[in-house]
Amino acid sequence: SSNTALTYLDALYRVDVGKHVTAIHHAFKLIPNLQQVNFLNDDISIGVQSISGLGRMYHFKAPKRVLYVHSNAFNDSDGIGIFDFSEIESVPTLLYLDAFGNINTYSIIVPDSLYDEFISATNWSNIASHIVRLSDFIK
């Protein structure tokens, strides 16, 4: 677990989150040039303001298993246009409606097999207009 691990680092472009990390909280905040976060552990929880205030990361790739997405997890990351959950194995718990707060335009890409579950799940249903089937996205 991490608490405000990397903040205000202008020269950071890529981060590999170690295979023993199971949760991130306040981990990547206000890093203007960060473009890629790789999760080496397929099981992760995305905590409070985990990836927030990022301007250049256009594509966020989630690992296969996300337990939950917490409050303001991606808050103010207006640069992220695509939240790629296309390889996820089950719908994570979206704990709060503000997880994707202050982001103007974005899509959440999900596996076709989980689309109906995503758009009807608690809190995910409130942002269903942003949830897109993988097959519709790649057309």
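These legends describe close-up views of one predicted model.

Residues are numbered from 1 along each chain as its sequence is written. In this predicted model, local features need pLDDT of at least 70 and side-chain atom pairs count only at pLDDT 80 or more, while totals for chains, interfaces and linings use all residues; side-chain values use heavy atoms, with hydrogens and water left out.

**View 1. Four strands form an open sheet in the order E8-E10-E12-E13.** The pairing is parallel. Strands are DSSP runs of E with at least two residues, helices are runs of H or I with at least four, and both are numbered from the N terminus. Two strands pair if DSSP finds at least two bridges between them. Strand E8 (59-61) and strand E13 (131-133) are the edge strands, and each pairs on one side only. From one strand to the next, the twist averages 25°. For such angles, axes are lines fitted to C-alpha atoms, for helices over the stretch in contact, and the angles run from 0 to 180 degrees between N-to-C directions. E8 and strand E10 (residues 82-84) pair in the parallel sense over 3 bridges. Phenylalanine 60 has phenylalanine 83 in E10 as its bridge partner.

**View 2. A second open sheet has the strand order E3-E6-E9-E11.** Here, too, 4 strands take part and the pairing is parallel. Its edge strands are strand E3 (23-24) and E11. Each of these pairs on one side only. E9 and E11 are joined in the parallel sense over 2 bridges. Tyrosine 68 has threonine 93 in E11 as its bridge partner.

**View 3. Strand E2 (residues 14-17) has a covered and an uncovered face.** Val15 and Val17 make up the covered face. Arg14 and Asp16 make up the uncovered one. E2 runs parallel to strand E5 (residues 36-39), and 4 bridges join the two. Arginine 14 stands opposite glutamine 36 in E5. Asparagine 38 also has its place in strand E5. Is asparagine 38 buried or exposed? Asparagine 38 is buried, with a relative accessible area of 18%. Buried means under 20% relative accessible area, exposed over 50%, and partly exposed in between (1.4 Å probe, protein chains only). Its side chain makes a polar contact with the side chain of glutamine 36 (3.1 Å). A polar contact is a pair of N or O atoms within 3.5 Å; within protein, one must be able to donate a hydrogen and the other to accept it, and residues adjacent in sequence count only if both atoms are side-chain atoms.

**View 4. The structure holds 12 aromatic pairs.** Rings of Phe, Tyr and Trp (its six-membered ring) pair if their centres lie within 6.5 Å; planes under 30 degrees apart count as stacked, over 60 as edge-to-face and the rest as tilted. Phenylalanine 60 and phenylalanine 85 form a tilted pair, 6.5 Å centre to centre with 50° between the planes. Phenylalanine 60 lies in strand E8 and phenylalanine 85 in the loop between E10 and strand E11 (93-94), so the pair ties together parts that are 25 residues apart in sequence. Both phenylalanine 60 and phenylalanine 85 are buried. The ring centres of phenylalanine 100 and tyrosine 106 are 5.5 Å apart and their planes are at 10°, so this pair is stacked. Phenylalanine 100 and tyrosine 106 are both buried.
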